[in-house]
Amino acid sequence: MNKITELLNIEYPIISAAMNWVTSAEFVAAVCNAGGMGVLGPNAGQTLNPTSLEEYADNVRNEIRKVKQLTNKNFAVNYIFPFDDSGAQPFTTMLFNILIEEKVKYVVAIGNQMIASEMVKLKKHGITVLYRPITPTVQNIMEAEKHGADAVIVTGSEAGGHISQYNVSLFTLLPQVTAAVSLPVIAAGGIIDGRGAKAAFAMGAQGVYMGTRFIATVENPASHAAKRAIIQVNSEEMIELEGVHERTIPTPGGIKAYQLIKEGKAQEAVPYHKNGYKEALLLGNLDQGTISVSPSAGGIQEILTCQEVIDEIVNQINY
């Protein structure tokens, strides 16, 4: 049996990324019901910014409960490590308490660095941890193994969202990592179909973690405008926002942010990219935001259901 399907008790080793704003309960359940694992990300299922930590907590709790109503399959919740372990972290503490209260058993934990105390807390309560360093290296993946991660997600620089500070591609980093650790490795960054997944498996990966391809699905809550932009963009048209560690489809908002940064007006560019996920990706206001996806979006030609995406991958891989 594949190590990831065994670890997560799912049918196929295909996991949807924990993307901000565009991972509603309905979408997560659709991925799970198609045989993969869906992950609730930040602001899952919401359209408005929470006004307090308590409101954010209620939103997370409600979305977890909705997923449980829509599927009996396993799913995960995004767990954000503190920036450091220097003291109390209200946001992370809030997330942890909800996981325990709602008996969530799987998390995708992300962070700038491994926080050993957080790993101990999660493992003590029997939670399976898929750890994804924001800037992956062979060294910090080895550290994750040392501190008890159940699996690691290795993300190449061609990923969407907040990208690594190092310009190292998935297929450069992946074989180095799989040679260095014994725990299961999940590949992320630029994988949109069975061909990419098959290549990742050939390099030792046991699973794939996909964001961009799953945005362009029927069940994803992203706006129709954003989905059209994804299927219409060519890979070479993507623009990178210098100093932000983000690339975007050249939406009017993205172009404005790019120009402001080039003119040395980085602060004036912040509203365009900071609110990009919500404004452009979720709400379709392309003039006001960015659509931060992988340049592999150039290979996405149509909007499919989650089941169709997963079936296509499964039909091409032999894991």
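**Notes on the predicted model**

1. Helix H2 (residues 25–33) packs against helix H3 (residues 53–70) at an angle of about 40 degrees, and the two axes are 9 Å apart. That angle makes H2 oblique to H3. The crossing in which H2 passes H3 is right-handed. The coordinates discussed here and below are those of a predicted model.

2. The H2 side of this contact consists of Ala 25, Glu 26, Val 28, Ala 29 and Asn 33, which meet Glu 63, Lys 66, Val 67 and Leu 70 in H3. Sorted by class, the residues of the contact of H2 with H3 are 5 nonpolar, 1 polar and 3 charged.

3. H8 passes H14 in a crossing that is right-handed.

4. Which residues of H8 meet H14? They are Gly 194, Arg 195, Ala 197 and Lys 198, and their counterparts in H14 are Glu 312, Ile 313 and Gln 316. By class, the contact of H8 with H14 holds 2 nonpolar, 2 polar and 3 charged residues.

5. The sheet is open and has 8 strands, with parallel pairing and the order E1-E8-E7-E6-E5-E4-E3-E2. Strand E1 (14–16) and E2 stand at its edges; each has a single partner strand, so one side of each is left without a neighbour in the sheet.

6. Strand E3 (residues 76–80) pairs with strand E2 (residues 39–40) in the parallel sense, over 2 bridges. In this pairing Val 39 stands opposite Ala 76 in E3. E3 also runs parallel to strand E4 (residues 106–111), to which 4 bridges join it. Here Tyr 79 has Ala 109 in E4 as its bridge partner. As for solvent, E3 is mostly covered, with 4 of its 5 residues buried.

7. Is Glu 118 buried or exposed? This residue, placed in helix H5 (residues 116–124), has a relative accessibility of 8% and therefore counts as buried, the cut-off being under 20%. Leaving aside residues up to four places away in sequence, Glu 118 touches Tyr 79, Phe 81, Pro 82 and Thr 92. Tyr 79 is also the residue whose bridge partner in E4 is Ala 109.

8. Thr 137 is placed in the loop between strand E5 (128–133) and helix H6 (138–146). Its relative accessible area is 18%, and Thr 137 is buried because the cut-off is under 20%. With residues up to four places away in sequence not counted, Thr 137 touches Tyr 166 and Leu 173.

9. Ala 297 belongs to the loop between helix H13 (276–282) and H14. Its relative accessibility is 0%, so Ala 297 counts as buried. What does Ala 297 touch, not counting residues up to four places away in sequence? The residues are Thr 212, Ile 230 and Val 233.

10. Asn 9 is not a glycine, although its phi is positive at about 55 degrees. Asn 9 is in the loop between helix H1 (3–8) and E1. With a relative accessible area of 61%, Asn 9 is exposed.

11. The other is Trp 21, a residue other than glycine with a positive phi near 75 degrees. Trp 21 is found in the loop between E1 and H2. Its relative accessible area is 5%, so Trp 21 is buried. Asn 9, by contrast, is exposed.

Technical notes. Residues numbered from 1 in each chain as written. Predicted model: local features only at pLDDT ≥ 70, side-chain atom pairs only at ≥ 80, totals over all residues. Heavy atoms only, no water. Left-handed = near helix turned anticlockwise from the far one by under 90°. Contact = heavy atoms within 4.5 Å. Nonpolar A, V, L, I, M, F, W, Y, C, P; charged D, E, K, R; others polar. Buried < 20%, exposed > 50% of the residue type's maximum accessible area, 1.4 Å probe, protein only. Pairing = 2+ DSSP bridges. Axes fitted to C-alpha atoms, helices over the stretch in contact; angles between N-to-C directions. Parallel < 35°, antiparallel > 145°, perpendicular 65-115°, else oblique.
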